[in-house]
Amino acid sequence: MSRLSRRRRRLPEAWRRPLAVVGGVIALTWLIVAVAAPLLAPYDPLAQELPRLAPPGPDHWFGTDQLGRDIFSRVLYGARVSIPLTLLLVVLSVLIGGLLGACAGYFGRWVDETVMRFADLVFAFPTVILAMVVAAALGASLTNAVLAVLVVAWPSYARVTRGLVMGMREREFVLSGRLLGFSAWRSLRLDVLPNVTGPILVLATLDIGTALLLLSGLSFLGLGAKPPSPEWGAMVSSGVEVFDSWWVATFPGLAILTVVLAFNFLGDTLRDALDPRTARAIKVRAL
Amino acid sequence: MSPTSAPGKAPAGGTAGRRAARPGVHRHPLTRFLVRRVATALLLAVGITLVTFVLTNLVPGDPATANLGQRALGDPALVAQWRAEHGLDEPLPKQYLLHLSGVLQGDLGTSQQSHRPVAEDLAEFVPATIELAGAAIVVSLILGVAFGVIAALRRDRLADQVLRVTSLIGISVPTFWLALVAFYIFFFRLQIAPGSGRLDPGMTPPPKVTGLHTVDAVLAGQWDVFASAAGHLALPALVLALYTIGLLTRFTRSAVLEVLGQDYVRAARAKGLPGRTILFRYVLRSALVPIITVAGLAFGSLLSGTVLVEAIFAWPGIGQYAYKSATALDLPAVMGVGLVVGAVYLVINLIVDVLYGVIDPRVRLS
């Protein structure tokens, strides 16, 4: 009880910090843009009917690309591609990694060994290299890029959840639950999981940024979204060809940067607010 | 034993390895720790070969289609011959065993793109990447640790706030975009940075000793070549380092803060030791231990970053090679890159682990 009330007292204070406010406002703005892109965009993001490579001006705030498309409209529509996919990715990673990690930590023995050895295998590769190999193996498409990021993203949740659950397993209130006759599943669900969600939430918030960077990176490499999709990474990639028209690559890149930054600001605040002790575990895995 | 069961047993082998180490209670704990770490690393190495192999065999497209011309594809005999040449007509488990025994002999197969042995291709491209990633990790360690210490010592003051936001920006910038923007600004607009590649056009690389142009130029005493190589290296290395600088700043800050709160630091302060002595003798010494681990992991993100940065700066390293091979579905080349990068990363983390165990007795005893 005391823990809960302490949290309630602490949260609002943390959220009033400038970092949290800025992060919250930017994230909210992007969410609104993602929902309302058709209402906000002045042009069709796919129509190739405008003057080519027009620099930013009153008619086209972000200029036009080499196919005569309005970049401002494409960046707005890009939010509908990248943001929902990134959120979905993180939710799936939390579910898969969290469940596997919880089982590994709670049951120990061979379950632990099997899950963690698979996680170790993923950790044995630098993320982009593995994601790139997976995406290339599955074939270049946005769905496969999401799958590839998922493959490299779940183990960090498994590792963190496992550690937290292992620490929690021996606590008196969990043991007393077991002595009262709770099944393993019930004990895990009612006693253990609610007490490990805080750190995992922090990890997930910080991971939204990492996931978006990875996903757009794959698209940049031509292994994700295909043209003409207004995906931000692919748009930056198309800007490489028309290098001297700086606006083609700059604005979609800024879109990625602001979204990632907003969620990192939020994640950082959330971590301070929820549990300063977990700071280290999370930073280690944020790689 | 069927060929498939051999790799399948790799994870279980990890347990066996650990159990085998346990009865040796008489051995020195450090020896036991080292044996266990090396055994784990070897199993992971086998795992890496399995992962790259399985993944590259998921390819839905036929590699023959990707690599043979239209006319050759029309001739079934030619296609069959090509597949036989590349061992693609064997059952998968056998292909894996062939691959594994080849790897052990240093044979990574032949690239279907360059028609050269993958090992040869990689040997040509690896030095460029080592030079780039090495320069970036040195810069990251120096700046990241320095910034982190400053932030911790100035906790909650202006310097800390500024560094907190900057380091967050550092880990939020898409590397590929930053590379492009930096190239545009410093090369195209300001014309401070030299163009892409490792040397100025027309310049002959220094005689090859290490493969790192900067080092080789110094060894040969060719200072103009060194200046050119260092100039070409600076911008991509800085771009690559930005992410790890942010990461190390954040980690160092929390590691130092944790040590600052320890009783022995308080005792040193109470004793009246000068601040500098406390910082270097007491705080940094123990804070650097966890930082070593993170630096090992940070090297992984640098290796990842090279794929994105090398493409922009036309840096002839394995990052660019990886990208070209993956898009062309060049199976042996993709496997080779995955293997080499995975192995390099594995060795670095093994060294880090061992260092950590040697320095901190708690780790090897756990």
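Helices (H or I, at least four residues) and strands (E, at least two) are taken here as DSSP runs, numbered from the N terminus.

## About the model

Please keep in mind that this is a predicted model, in which local features need pLDDT of at least 70 and side-chain atom pairs count only at pLDDT 80 or more, while totals for chains, interfaces and linings use all residues. Residues are numbered from 1 along each chain as its sequence is written, and chains are lettered from A and ligands numbered from 1 in the order in which they are written.

## Where the chains meet

Let us start with the contact between the chains. It takes 47 residues from chain A and 50 residues from chain B, where two residues are in contact if their C-beta atoms, placed from the backbone, lie within 7 Å. On the side of chain A that touches chain B, the elements giving two or more residues are α4 (109-123), α5 (127-138), α9 (197-220), α10 (232-241), α11 (247-274) and α12 (279-285). Of these, α11(A) gives the most, with 10 residues.

That side of chain A divides into 29 nonpolar, 11 polar and 7 charged residues. Here Ala, Val, Leu, Ile, Met, Phe, Trp, Tyr, Cys and Pro count as nonpolar, Asp, Glu, Lys and Arg as charged, and the others, Gly among them, as polar.

## An enclosed helix in chain A

Helix α10(A) deserves a look of its own. Because 7 of its 10 residues are buried, α10(A) is largely enclosed by the rest of the structure. A residue is buried if 20 or more other C-beta atoms lie within 10 Å of its own, exposed if 12 or fewer, and partly exposed in between, with C-beta atoms placed from the backbone. The buried residues of α10(A) are Trp232(A), Gly233(A), Ala234(A), Met235(A), Val236(A), Ser237(A) and Gly239(A). Their cover includes α3 (71-107), α9 and α11 of chain A, together with α10 (175-189) of chain B.

## The nonpolar core

A nonpolar core is a set of buried Ala, Val, Leu, Ile, Met, Phe, Trp, Tyr and Cys residues joined through C-beta atoms within 7 Å. The largest one has 178 residues, and Ala131(A), Met132(A) and Val149(A) touch the most other members. Leaving aside residues up to four places away in sequence, Ala131(A) touches Ala148(A), Val149(A), Val152(A), Leu214(A) and Leu218(A).

## UniProt annotations

For chain A, an unreviewed UniProt entry lists residues 20-41, 83-107, 128-153, 200-225 and 245-267 under "transmembrane region". UniProt positions are given in the numbering used here, feature names are shortened, and annotations may be inferred rather than shown by experiment. In the model, residues 20-41 of chain A are 95% helix and 0% strand, with the end C-alpha atoms 28 Å apart. Residues 83-107 of chain A are 100% helix and 0% strand, and their end C-alpha atoms are 35 Å apart. The unreviewed entry also lists residues 83-267 of chain A as "domain: ABC transmembrane type-1". Over residues 83-267 of chain A the chain is 82% helix and 0% strand, and the end C-alpha atoms are 16 Å apart.

For chain B, the unreviewed UniProt entry gives residues 38-59, 132-153, 165-187, 225-248, 287-313 and 333-359 as "transmembrane region". Residues 165-187 of chain B are 91% helix and 0% strand, their end C-alpha atoms being 27 Å apart. For residues 225-248 of chain B, the model has 100% helix and 0% strand, with 32 Å between the end C-alpha atoms.

## Chain B and its helix α8

Chain B has 17 helices and 0 strands, and buried residues make up 40% of its 366 residues. Among its contacts between residues at least 6 apart in sequence, 71% join residues at least 24 apart.

Helix α8(B), residues 118-153, has 36 residues and reaches 50 Å from its first C-alpha to its last, close to the 52 Å expected at 1.5 Å a residue; the expected span is 1.5 Å times one less than the number of residues. α8(B) bends by about 30° at Phe125(B), and a proline, Pro127(B), follows within four residues. The bend at a residue is the angle between axes fitted to the seven residues ending there and the seven starting there.

## Individual residues in chain B

His115(B) sits in the loop between α7 (92-104) and α8 of chain B. Its phi is near 55°, a positive value in a residue other than glycine, and His115(B) is exposed, with 8 other C-beta atoms within 10 Å. Asp156(B) lies in the loop between α8 and α9 (158-172) of chain B, and its phi, near 65°, is likewise positive in a residue other than glycine.

Ile359(B) belongs to helix α16 (residues 331-359) of chain B and is partly exposed, with 14 other C-beta atoms within 10 Å. Its C-alpha atom is separated by 7.5 Å from that of Val289(B), 70 residues apart along the chain.
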